[in-house]
Amino acid sequence: MTYFLDGGKDATELKEKFMLELERDPIWRKDDWPNLTLPEMRERTMAKARLIVNFLANEPVHVFRARMAVISTVDPGFWTRLGVHYGLFFGALQSQATSNQLTYWVQKGALAVHNMYGCFLMTEMGHGSNVQALETTATFDEASDEFVIHTPSLTATKWWIGGAAHTATHGTVYAQLIVRGKRHGVKVFVVPLRDPKAGTLLPGISIGDCGKKFGRDGIDNGWVQFTNVRIPRSYMLMKHTQVKRDGTVIDPPLAQLSYGALIQGRVAMVVDSGNTAKKALTIAIRYGAIRRQFASPGADQETKLLDYTIHQHRLLPLLAQTFAMHFAGREVDAMYTALMEQLDSVQPGQDMTTVLETLKETHATSAGLKAYCTWTTLNLIEQCRQTLGGHGYSEYTGLAPMLKDWAVQCTWEGDNTVLTLQLGRFLVGCCREAIAAKTKGTRAKLGAGVAYLAQVPEILKRVCPVPVDAASGEVTDAMAVLDPSILRTAFEVAAACAVAKATREFETALSKHMQGVSATNKKARAAATERAHEDSAHARFVAAKTHSMGYLFGKFVDGVAKAPADLAAPLHRLVQLYGAHAITEHAGVFLTSGYLTAAHVSAVQTAMNALLRDVRKDAVPLVDAFNLTDFVVGSPFGAKDGNIYERYFERVTKLNPPLPKAPYFESTIKPLLERGIQDEEYPELED
């Protein structure tokens, strides 16, 4: 199973090699993290950068990516701190710079991290998701052939900038391009921030520290303000929009091509969701297989937590979700790689219709999946933490800090609610396109992930073929409802129903807002369209979440279909469990679609207990198949040998040695105990 999940024996051995190297290098020690101060945490995090940069310079890209995938599970703070430079700063150079500009910055040290450490300055105090409304300005000065970067207000202060507080020497700044008084939208500029030799700020640059955060304290997030900072015109990244020496602005014919950089980060978070969920479940399921609580009448010993039906309901559906995210992450990563290869091979004059359709679908799908998977993993970590009982509140058992480190995934790289609404808008557009094609007697050409919408409205009339007994009103074969083909159709019909509802709400609102608007008034018509989208926002949100839930299931089924025959049975049960849990938790969505009846849903709920008992037998081997070493898991409760109490007590006492008396006994405790009480009045015992 490990080889299948990793993609082969070679991949597994490479992963094991990286885990062993990290475990044996004292710089990656992490058992004492809860006791470190903020400066200590940041210093230790940054000390790892030099080591990893050497690997980057000497390893093939696919090997280095595999190394970083392991590191992201071990130390998400460091992964982010280095990722800000490579994924965001250098990623912006790759996606926004011309080939000559990219060569220039590579020669300056951007790739080798030599005399340069980058940060990514997009988010402002007053704006995050609404990138087009950023306030920082980049005004072109024709006389000097320079751009003037300026922070015009407090809310324009760049905020939460990873690496800015102490480290970054350069940054890719997102700012409003202004040429001859006219705004041309948000563009990207490389701005030097610090002298790399002295570490001091350059003229016009003000930087401060955002301080203590909820998690990922190894990252030095900071704020940045610019006061009329001048940079050469060539420091504007001009792969798409160009500004000539005379001030002529040339906009790209296909602005959508700049989406690639956004998609990369979102795809990475889908993959990371699965990896982090594996770590959390390894802790919770191994603990549940060891911890005993209460004994059944006549039993010799107490019952393992994992043998309780309610505990299985709490944990095992999360295991199915984790496998689903694993396979979805693999598929989406492959989709993104293929898309970027297509974009890189585009030739002048080439028909871009197919490429742009794929780009739009991948952009929308990755946005929805990023939101759905990071939300799912946040909930999963918290549920796993609670299954540890009181011990889950301890930093030393691993899940509390994991929860704090993960929470940011739901708001950075796009707020999850906003991203979900973006997917919802795309789905409504696809549905309208499908309906319009039907009226013309044709069929809409939609991407594979949304192809089911081309069947609207016929798909909404489908009903589950599993029979319901007329006499009892019940389904006689409950497991038949959990056949993957039945479940797949159930997800598609549910999603189609939700999207169709959102589309109807949008059309109704659009008709209302378009009343009295001239067909030639483009600005007013655009405003009416936006109001219609807002009026149907909640329906779009529900449609997008339902679509993502079903998309994940589809990729899960596709992934399991490629498994060796001897792995089919346990994986098939997980597929069924994912579907059964989704139907149980979102019964309203499935019942509304009409494909499943109340009898079908009731049958699924009944079948859950038997299915969970079967999955429970596989639970420990399945998390063992994740093949995470004790060092990577980082929790005494997730150790493979099961010695949870000995390891837990050892860690707590090692990092908190018993003291003869409290260090603040003399200053606070003793004065409390020895205070004079002759003047204090107390109620009588009878009172």
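Is Thr-503 buried or exposed? With a relative accessibility of 4%, Thr-503 counts as buried, where buried means under 20% relative accessible area, exposed over 50% and partly exposed in between (1.4 Å probe, protein chains only).

## Basis of the description

The structure is a predicted model, in which local features need pLDDT of at least 70 and side-chain atom pairs count only at pLDDT 80 or more, while totals for chains, interfaces and linings use all residues. Residues are numbered from 1 along each chain as its sequence is written, and side-chain values use heavy atoms, with hydrogens and water left out.

## Surroundings of Thr-503

Thr-503 belongs to helix H13 (residues 484–514); helices (H or I, at least four residues) and strands (E, at least two) are DSSP runs, numbered from the N terminus. Leaving aside residues up to four places away in sequence, Thr-503 touches Val-428, Cys-431 and Arg-432, contact being defined as heavy atoms within 4.5 Å.

## Packing of H9 and H10

Helix H9 (residues 353–386) packs with helix H10 (residues 399–406) at an angle of about 160 degrees, and their axes are 9 Å apart. H9 is thus roughly antiparallel to H10. Axes are lines fitted to C-alpha atoms, for helices over the stretch in contact, and angles run from 0 to 180 degrees between N-to-C directions. Angles under 35 degrees count as roughly parallel, over 145 as roughly antiparallel, 65 to 115 as roughly perpendicular and the rest as oblique. The crossing of H9 and H10 is left-handed, a term that applies if the near helix is turned anticlockwise from the far one by less than a right angle, with right-handed used if clockwise.

On the H9 side, the contact involves Thr-374, Thr-377, Leu-378, Ile-381, Glu-382, Cys-384 and Arg-385, which meet Leu-399, Ala-400, Met-402, Leu-403 and Trp-406 of H10. The residues of this contact comprise 8 nonpolar, 2 polar and 2 charged; Ala, Val, Leu, Ile, Met, Phe, Trp, Tyr, Cys and Pro count as nonpolar, Asp, Glu, Lys and Arg as charged, and the others, Gly among them, as polar. H10 is mostly covered, with 6 of its 8 residues buried. These buried residues are Leu-399, Ala-400, Met-402, Leu-403, Asp-405 and Trp-406.

## Packing of H2 and H4

Helix H2 (residues 9–24) and H4 pack at an angle of about 50 degrees, and their axes are 10 Å apart. The two helices are therefore oblique to each other, and their crossing is right-handed. H2 contributes Leu-14, Lys-15, Lys-17, Phe-18, Met-19, Glu-21 and Leu-22 to the contact, and H4 contributes Val-63, Ala-66, Arg-67, Val-70, Ile-71 and Val-74. By class, the contact of H2 with H4 holds 9 nonpolar, no polar and 4 charged residues.

## Salt bridges

The count of salt bridges comes to 35, each being a side-chain nitrogen of Lys or Arg within 4 Å of a carboxyl oxygen of Asp or Glu. One of them joins Asp-75 and Lys-48 (2.5 Å, N to O). Asp-75 lies in the loop between helix H4 (61–74) and helix H5 (76–96) and Lys-48 in helix H3 (residues 38–58), so the pair ties together parts that are 27 residues apart in sequence. Asp-75 is buried at 4% relative accessible area, and Lys-48 is buried at 1%.

Glu-395 and Lys-404 also form a salt bridge (2.6 Å, N to O); Glu-395 is partly exposed at 29%, and Lys-404 is partly exposed at 28%. A further salt bridge links Lys-617 and Asp-614 (3.8 Å, N to O). These residues are 3 apart in helix H18 (residues 598–624), which means a separation of about one helical turn. Lys-617 is exposed at 62%, whereas Asp-614 is partly exposed at 33%. Salt bridges with shared partners join Lys-17, Glu-21, Glu-59 and Arg-67 into one network.

## Backbone features

Most residues other than glycine have a negative phi, and most peptide bonds are trans. The peptide bond from Val-456 to Pro-457 is cis, with omega near 10 degrees, and Pro-457 lies in the loop between helix H11 (416–439) and helix H12 (478–481).

Val-113, which is not a glycine, has a positive phi of about 55 degrees. Val-113 is placed in the loop between helix H6 (99–107) and strand E1 (118–121) and is partly exposed at 21% relative accessibility. Asn-228, also not a glycine, has a positive phi of about 50 degrees. The loop between strand E8 (222–226) and strand E9 (229–232) contains Asn-228, which is partly exposed with a relative accessible area of 48%.
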